[in-house]
Amino acid sequence: MIASEILANLLSFQTLMGLLIGVVGGICIGVLPGLTAAMGIALLIPFSFGMEPTAAMVMLTSLFASAIKGGSFLAILLCVPGTPASAATAIDGYELTKQGKGLQAVGVSIVASMAGGTLSALALLLIAPPLARVSIMFNAPEFFLIAIFGLTIIGSLASDNMLKGLLSGAVGICIGFVGFDILVGVPRFTYGIIHLESGIGLIPALIGLFSLSQVLIQAEAIASVRRGEKVTLPPIAGKIVPPVKDVIAAIPNLVRSSVIGVIVGIIPGPGGDVGGWISYNEAKRWSKKKEQFGKGNMEAIWAVESANNSVAGGSIIPTITLGIPGSAAAAVLLGGMMVHGLIPGHTLFTVHAATTYAILIGFLAANILMGVFGFLIGKQLVKLATAPIGILAPVIVVLSVIGAYAINLSFFDACVMVFFGLVGYFMRKTGFATAPMVLGIILGPMAEMGFSRALLMALDTPILIYYLTRPICVILILLIILSLLTPLLLRRLQEKMQK
């Protein structure tokens, strides 16, 4: 009886249209710099009021899945991350484009996104209740250690100069401290500027560091051409569909990264960007070609794209079972559920079982359909990379300004984007990697807030002892130590093998 109701809900005209609108709309939103999945869901909620609950939620969850995928297209082709989750993709993706492998990189990202999203949808269907119980065990002390674990990745993002990478990450952490201190109740490092009391916006900073700085580099390339220097990109050729042998070889990387993404998604707070960075680090740790990371390595694309798409499914798990959104987009999605009378908890899997399982199966279908549309438009989007820089650069600047302004309709955010664009340009010219700074901006506030609250929770207990009395904290501390020691141990092992 329930199976027939689920099938009827899935095959209704409204649901199928909602699935199509969500997938296509999500890809379009992801392609535009600054427009996030959370913003897209918020824009669609008013249009879902007249729809059936199943159709409305299938449309919103489909947009959630495909918006993350859409962000990777421009990240690979133009070094312009459409969403924060695709920032890690831009590092190796654009290097591959400069090598004439942009089409292959786009194809790999489509397959990886589809695989990661599908695996997370299966996890959502099969193991949502037990996994959700784990997420409720995380509190401020665990969030602090998760942030510290994420910061250990900075070393692997430092490219050829570890010291410069660490300095970049440290500056990013300091930038994350700008704003109003909620615990103490005073503004910090705002210098009387009211707009800074809410902190430095992540998305304007991200657009500036990656997109605008890239435009400035391209403008310099145009000037070099006019001076007589030859600056050319190799032609983009090849097949967009990855060979079967490459997909088979990438399976361990895909599974590992997807599992990381689901786990990160379940934990409220980190989001797809953190899941992508962690998977990037783990892919580099297990790779036999570590030296190619940051210079154009397909393994990085497999890892990041599968991880940031699996975060989407992971973040929905605590949202529908406990009412605890695992990300900003999941929080907006929770609002959409409440509007349609779907209250998180056990009633979703009992009273509203037909609706809930139809939504979850629709999310699975969305990830597959997202791959189909990706291959249909991928070849057309690749043409962007071959467009004249003189035409492309102004378009990127306009999209960057619109993306930064549209977040809060704030001219100040656009100014922040321009400032970080200049910072990113000078960093890249002097050999400083921008990725560690982005990671510092993301994880710095999370680490500070977690540690401050942990101090309050510990009361009179010494903070170290308090951490050691929490089993999950002990596990995270061991993982941090292992993350720090692994590069040294692998280096010594390689030295012994060479002897």
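**Lining of a cavity and a helix crossing**

Guide: Met 57, Thr 61, Leu 124, Ile 316, Ile 320, Leu 333, Met 337, Leu 342, Leu 348, Thr 356, Ile 359 and Leu 360 line the largest cavity, each with an atom within 4 Å of a cavity point. This is a predicted model, in which local features need pLDDT of at least 70 and side-chain atom pairs 80 or more, while totals for linings use all residues. Residues are numbered from 1 along each chain, and side-chain values use heavy atoms, without hydrogens and water.

Visitor: What makes the space between these residues a cavity?

Guide: On a 1 Å grid, a 1.4 Å probe fits there but cannot get out, so the space counts as a cavity; its volume is about 120 Å³, and the structure holds one cavity of 30 Å³ or more.

Visitor: Which helix gives the largest share of the lining of the largest cavity?

Guide: Helix 16 does, with three residues; helix 4 (53-78), helix 14 (298-322) and helix 15 (328-339) also give two or more. By class, the lining has 10 nonpolar, two polar and no charged residues.

Visitor: Why are helix 6 and helix 12 called oblique to each other?

Guide: Helix 6 (residues 102-126) and helix 12 (residues 251-266) pack at about 55°, with their axes 9 Å apart. Angles under 35 degrees are roughly parallel, over 145 roughly antiparallel and 65 to 115 roughly perpendicular, so the rest are oblique, and this pair is therefore oblique.

Visitor: Which residues of helix 6 meet helix 12?

Guide: Ala 112, Ala 115, Gly 116, Leu 119, Ser 120 and Ala 123 in helix 6 meet Leu 254, Ser 258 and Val 262 in helix 12, with heavy atoms within 4.5 Å.

Conventions:
Axes fitted to C-alpha atoms, helices over the stretch in contact; angles between N-to-C directions. Helix = DSSP H or I, 4+ residues; strand = E, 2+ residues; numbered from the N terminus. 1 Å grid on protein atoms, 1.4 Å probe; cavity = no way out; pocket = protein on both sides within 12 Å on 5 of 7 lines; lining within 4 Å. Points joined across faces, edges and corners; volume = space filled by probe spheres on them. Nonpolar A, V, L, I, M, F, W, Y, C, P; charged D, E, K, R; others polar.
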